[in-house]
Amino acid sequence: MAGNDPGARPLAPALKTPPPASAPVPGTVGRQRFLAASDDPSAPVVLLGAPLDATVSFRPGTRFGPARIREVSEGLEDYSPVLDRDLTQVPFFDAGDVELPLGDVEGSLAAIEAAVDAVAGRGQLPVVLGGEHLLTLAAVRAVHRHHPDLAVLQFDAHADLRDDYLGVRHSHATVMRRIGELVGFDRVYQVGIRSGTREEFAFGRARTRFFPLQLLEALDHVLPQLADRPVYVTIDIDVVDPGAAPGTGTPEPAGVAPSELLAALYRLRELRVAGLDVVEVCPPQDAGDVTAILAAKLVREAILSFGSGRA
Ligand SMILES: [Mn+2]
């Protein structure tokens, strides 16, 4: 009996992740980094992974999104020929992933909110890698605290406007409903939407700035309305056609081309973007990583578009 042997040494303590408070962004654990990330936690842009994968309704796996997006980012150049700028000119810090209490949706949202709040509170631009779309509620809560006049611009195949999904109010299928309740439905701009219930479409047409079945044309109306206020941009990768972005949990046929989504992103350069995410990348469903690579390219172009001029 080791316990009775005065010569017995206690077992080595279990390895623990570092106390979250010591991380540059509270609650995060560093893993691999995105292409060309800087070592400076005070960089004007902070990338955060939020591997939430709790309420997806069809095919799970978004928890692997942030890691895979970082991994494949190494295959991209750090130079954007469209923006004529490279990632060394726009320093950004990769804080790693928010550590989530698995199975605890409310606790996970609180952890994501705290991490994004720390970034936004320092005047840095949070760029969040998902993870499922529900994480956007946590991120918007945090950014909204620092920008009370925040508007939210959503690119998505789905309206995500259900009041509940199978009785659950916090779900990736209800996220824009909850966000509208927070910031005001007249500040929720929804483009690219091509799927939802009759009730969601009726609700969107009546309450939000709802632009179903169009993307670039919608921006002609949306951009002038957003000109004077901070904007949180949420990009659900399933807005893209599943032929070009199959690695997602709830694919919806007949979406836009990657080039059209990128063109939309470039048009947002004139906006005051206060936060951004790319969500719903599901690596187990991907084909040749094309969806993760597209997400990485969107992240690079977003950093180069919205990160400069913030230093
Ligand atoms: Mn969505």
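Biologist: What makes the crossing of α2 and α3 right-handed or left-handed in this predicted model?
Modeller: A crossing is right-handed if the near helix is turned clockwise from the far one by less than a right angle. α2 passes α3 in a right-handed crossing. The axes cross at roughly 35 degrees and come within 8 Å.

Biologist: Which residues of α2 and α3 are in contact?
Modeller: Contact needs C-beta atoms within 7 Å. In α2 the residues include L109, I112 and V116; in α3 they include L135, A138 and V143.

Biologist: How many residues of each class does that contact have?
Modeller: Ten are nonpolar, two polar and four charged.

Biologist: Why is helix α1 called mostly covered?
Modeller: A residue is buried if 20 or more other C-beta atoms lie within 10 Å of its own. Seven of the nine residues in α1 (65-73) are buried, so the helix is called mostly covered. Among them are I69 and V72. The buried residues pack against β2, β5, β6 and α8.

Biologist: How do you know that β2 and β6 pair?
Modeller: Pairing takes at least two bridges. Six join β2 to β6, so the strands pair. They run parallel. V46 stands opposite P126 in β6.

Definitions and conventions: Residues are numbered from 1 along each chain as its sequence is written. This is a predicted model: local features need pLDDT of at least 70, side-chain atom pairs count only at pLDDT 80 or more; totals for chains, interfaces and linings use all residues. A residue is buried if 20 or more other C-beta atoms lie within 10 Å of its own, exposed if 12 or fewer, and partly exposed in between; C-beta atoms are placed from the backbone. Helices (H or I, at least four residues) and strands (E, at least two) are DSSP runs, numbered from the N terminus. Two residues are in contact if their C-beta atoms, placed from the backbone, lie within 7 Å. Axes are lines fitted to C-alpha atoms, for helices over the stretch in contact, and angles run from 0 to 180 degrees between N-to-C directions. Ala, Val, Leu, Ile, Met, Phe, Trp, Tyr, Cys and Pro count as nonpolar, Asp, Glu, Lys and Arg as charged, and the others, Gly among them, as polar.
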